[in-house]
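Student: I would like to learn how to read a fold from its elements down to its ring pairs. Could you walk me through one?

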Amino acid sequence: PLGADGTICSNDINYCTPTTCLNGGTCYDGYCTSVSCACPLGADGTGCVNSVPSGAPSNVIAITITTTSINVSWEHYPNTTRNGIIIAYEVKYSWPLGIGQLGTIYVNTSGAQNQLVLSGLQECVQYSISVRAYTSQAPGPFSREVLDSAQNIYAQVPQPP
């Protein structure tokens, strides 16, 4: 049968390899059967492939579109830090309310799209923006914050002298 050889199947074949169970999973080779993985907390799926993203989105860019909206975009995760399928991204943006106080809103993307338009913003307010990804397990860390202000982007026509 599968997992054994020899004249009377007496020689067990160990099918566990260093890459059988990922994200700290422990491989168990059943006698005459296939392998199974015991996944640590925070990982699941065949071979423990689903885990929390280990890195933050990179190259987060915020570009003013209008006086009350900003387009936020970022690069997709490389496979090495994804640790599963990215099911959504979360964009966090904050702004000053007063001395030592911030207003903060979290917005989720639908699916794994890598851009989002923040609208209904206040004019001439500087926003601090960061992004993180979700797998089926939990969110990963937030990216470095980028700053942008929804402000008047229309060029002013110079007045004649």
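Student: In what order do the elements of the protein chain run from the N terminus on?

Tutor: Start with the order of elements. In this predicted model, the protein chain runs β-β-β-β-β-β-α-β-β-β-β-β from the N terminus. That comes to 1 helix and 11 strands.

Student: What share of the contacts in the protein chain joins residues 24 or more positions apart?

Tutor: Among contacts with a separation of 6 or more, residues 24 or more positions apart account for 56%.

Student: And how much of the protein chain is buried?

Tutor: Of its 161 residues, 34% are buried. The accessible surface of the protein chain is about 9,600 Å², and carbon and sulfur atoms hold 56% of that surface.

Student: Which residues have the most contacts inside the largest nonpolar core?

Tutor: The general idea is that nonpolar side chains tend to be buried together in soluble globular proteins. Here, the largest nonpolar core has 20 residues, and Val72, Trp74, Leu118, Tyr127 and Ile129 have the most contacts inside it. At least two core residues come from each of strands S5 (58-66), S6 (69-75), S7, S9 (115-119) and S10. S10 gives the largest share, with 5 residues.

Student: Let me pick one of those residues. What does Ile129 touch, not counting residues up to four places away in sequence?

Tutor: Its partners include Ala62, Ile70, Val72, Val91, Tyr93, Leu118 and Val146. Ile129 also touches Lys92, Arg144 and Glu145.

Student: Now the rings. How many aromatic pairs does a search of the whole structure find?

Tutor: The search finds 5.

Student: Are Trp95 and Tyr127 buried or exposed?

Tutor: Compare each relative accessible area with the 20% cut-off for buried. Trp95 counts as buried because its relative accessibility is 12%, and Tyr127 is buried too, at 2%.

Student: Which residues do ring pairs link into a cluster?

Tutor: Tyr93, Trp95 and Tyr127 form that cluster.

Student: Where does Lys92 lie relative to Phe142?

Tutor: For a charge over a ring, look at the face of the ring. Lys92 lies over the face of Phe142, 4.8 Å from the ring centre.

Definitions and conventions:
Residues numbered from 1 in each chain as written. Predicted model: local features only at pLDDT ≥ 70, side-chain atom pairs only at ≥ 80, totals over all residues. Heavy atoms only, no water. Phe/Tyr/Trp six-rings, centres within 6.5 Å; stacked < 30°, edge-to-face > 60°. Buried < 20%, exposed > 50% of the residue type's maximum accessible area, 1.4 Å probe, protein only. Lys NZ or Arg CZ within 6 Å of the ring centre and 35° of its normal. Core = buried A, V, L, I, M, F, W, Y, C linked by side-chain atoms within 4.5 Å. Helix = DSSP H or I, 4+ residues; strand = E, 2+ residues; numbered from the N terminus. Contact = heavy atoms within 4.5 Å. Areas by Shrake-Rupley, 256 points an atom, 1.4 Å probe, with all protein chains shown as cover.
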